[in-house]
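Me: I have a model open and want to learn how to read it. Can you take me through burial and salt bridges?

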Amino acid sequence: MGYQQYGISPQLVERIKLKMKNPALKERVKGLLDGITKQDLQNGPKVQRLVKSIGSVLNEKFTSAEEEQIVRFVLSQRIDPNNTFHLIKLWGMFR
C-alpha cells in the first residue's frame, strides 16, 4: 500500500474510512474539498490546513508527525481532482 511507505498507519486509514461512511460527515468533508484544484493540492501549507480541517470534522486528533506524513503523501501523489484516472488510482489505494 502506497500510504504505508509514508508512515501512515493502516489503523488510522481504517478509522477514517469507517467515519467517512457516515453520510453527514462525508458531505461535510466533500464541502471542504469542493473547488480544490491541482495547484491547491501541491501547496504544502494549504494541504496542511485541509488536513487539520478534515481532522476536525472527523474528530481525529492527528499528531504533528501524522499530519506531516499525510501532507507529504498528498504532495507526492500530484493529485489532479479533475482527472478521473488519478481519482481511481487513489480509490484503489484505500479500498
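Reply: Start with burial: buried means under 20% relative accessible area, exposed over 50%, and partly exposed in between (1.4 Å probe, protein chains only). This is a predicted model, where local features need pLDDT of at least 70, side-chain atom pairs count only at pLDDT 80 or more, and totals for chains, interfaces and linings use all residues. Residues are numbered from 1 along each chain as its sequence is written, and side-chain values use heavy atoms, with hydrogens and water left out.

Me: Is D40 buried or exposed?

Reply: D40 counts as buried, because its relative accessibility is 15%.

Me: With which residue does D40 form a salt bridge?

Reply: Side chains of opposite charge can pair when their charged atoms come close. The rule for a salt bridge is a side-chain nitrogen of Lys or Arg within 4 Å of a carboxyl oxygen of Asp or Glu. D40 pairs with K46, with the closest N and O atoms 3.1 Å apart. K46 is partly exposed, at 28%.

Me: How many salt bridges does the rule count?

Reply: The count is six. One of them joins the side chains of K52 and E67, at 4.0 Å from N to O. That pair links distant parts of the chain: K52 sits in helix α3 and E67 in helix α4, 15 residues apart. Helices are DSSP runs (H or I, at least four residues), numbered from the N terminus.

Me: Is E67 buried or exposed?

Reply: E67 is buried, at 10%, whereas K52 is partly exposed, at 48%.

Conventions
Helices (H or I, at least four residues) and strands (E, at least two) are DSSP runs, numbered from the N terminus.
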